[in-house]
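Reader: I would like to learn how to read the strands, helices and cores of a protein model. Could we go through them one feature at a time?

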Amino acid sequence: MTRLQVRDIESILRQMNIYDAELLAKTGYRLAHIAAHAVGRLSADIPDPGLIAVVPMTCGLGVISGFAETVAGILGFLGMRAFVPVSPDVKGFAEALERGAEIIFMADEERFIGVHLKTGQISDNSEATGRGFAAALDCLTGGLKERDVLILGTGPVGRAAAFAVLDFGGHVHVLDKELTVSEKLAQDILCQRSCSIGIERELDSAMHKHRAIVVACPEGGLIRADHLYTDTCIAAPGVPLGIQAQAIKKVEGRLVHDPLQLGVATMLYEILAKISPPA
């Protein structure tokens, strides 16, 4: 996953209510409902899963200050009972077990996962983020069925978004600076879903042909104002936001973007799938 900086997350918990209200204004749905939609649930209601521990990890480049507390806070906003162990790593994991945690969230340089200890259900943040933002785009556009959707970037987030768009009935088109990566995704979708996707090779022409876009690449300022139309809708996970400042003003009412919230929410709903299957 893209490594977040303290500045990316330091204001998240203070602004959760504002963020949730903005989602509702733009999409017609709140955070919990979009996350539920991402995993095929008709309702955001879920049973109490018990305690959730967010264990800090010091391996690699170390703990991002406030990261575990922010994840726990997002889960708390969703009505969960979440805590951060006093200690990191194995000692923190042991503390989580001793306090009776049913679900563990933890992240290092390579992966950010959540796991339900009894069912073994696991969720990877990159995949959950891709599905969550595809679901947000589905809500933002009034439905992706039969709509052409451009996905910029075909890494783990973009791949997951592509499969989710297919689930929502959309037609996938992808653009990645590495053509072979796009071709690999196209082959995987053909094998797994027996359908073809479009491969775009040039940004300007791709942007001008599409009005529903998932920005799943970590390149800041990629999208310019002249790329956008009055009906362009964008779902943009992660940081940096790949839209130039003047372009943001042009699309801000039709833009869903956050560094962490929707991915974490979708992880939660995916983890709970086995104990509370989609209605």
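Author: Let us begin with a term we shall need: a residue counts as buried when its relative accessible area is under 20%. Please also keep in mind that this is a predicted model.

Reader: How many residues of strand 10 are buried?

Author: Strand 10, which spans residues 233–237, is mostly covered, with five of its five residues buried.

Reader: Which way do the residues of strand 10 point?

Author: In a regular strand the side chains alternate between the two faces of the sheet. Here Cys-233, Ala-235 and Pro-237 point one way from strand 10, while Ile-234 and Ala-236 point the other way, and all of them are buried.

Reader: In what sense does strand 10 pair with strand 9, parallel or antiparallel?

Author: Strands of a sheet pair through backbone hydrogen bonds, and they may do so in either sense. Strand 9 (residues 212–215) is parallel to strand 10, with three bridges between them, and Ile-213 has Ile-234 as its bridge partner. Strand 10 is also joined by four bridges to strand 11 (residues 255–258), again in parallel, and there Ala-236 stands opposite His-257. Between strand 10 and strand 11 the chain passes through helix 10 (residues 245–251), making a right-handed β-α-β crossover.

Reader: What is the strand order in the open sheet of five strands?

Author: The order is 2-1-3-4-5, and the pairing is mixed. Strand 2 (81–83) and strand 5 (122–124) stand at the edges with a single partner strand each, so one side of each has no neighbour in the sheet. On average, and ignoring direction, neighbouring strands of this sheet are turned by 15 degrees against each other. An antiparallel pair is formed by strand 3 (residues 103–107) and strand 4 (residues 112–116), over five bridges, with Ala-107 and Phe-112 as bridge partners.

Reader: Which strands does helix 4 lie across?

Author: Helix 4 (residues 67–77) lies across strand 1 (51–55), strand 2, strand 3 and strand 4, and runs at about 160 degrees to strand 1. Helix 11 (residues 261–271) lies across strand 1, strand 3, strand 4 and strand 5, at about 30 degrees to strand 4.

Reader: Which residues touch the most other members of the largest nonpolar core?

Author: In soluble globular proteins, nonpolar side chains tend to be buried together. In this model the largest nonpolar core has 70 residues, of which Phe-105 and Leu-260 touch the most other members. Helix 6 (residues 125–141) supplies the largest share of this core, eight residues. Another core, of 19 residues, lies apart from it and includes Leu-203, Ile-234, Ala-236 and Val-251.

Definitions and conventions. Residues numbered from 1 in each chain as written. Predicted model: local features only at pLDDT ≥ 70, side-chain atom pairs only at ≥ 80, totals over all residues. Heavy atoms only, no water. Pairing = 2+ DSSP bridges. Helix = DSSP H or I, 4+ residues; strand = E, 2+ residues; numbered from the N terminus. Axes fitted to C-alpha atoms, helices over the stretch in contact; angles between N-to-C directions. Contact = heavy atoms within 4.5 Å. Core = buried A, V, L, I, M, F, W, Y, C linked by side-chain atoms within 4.5 Å. Buried < 20%, exposed > 50% of the residue type's maximum accessible area, 1.4 Å probe, protein only. Right-handed = clockwise from strand over helix to strand, strands pointing away.
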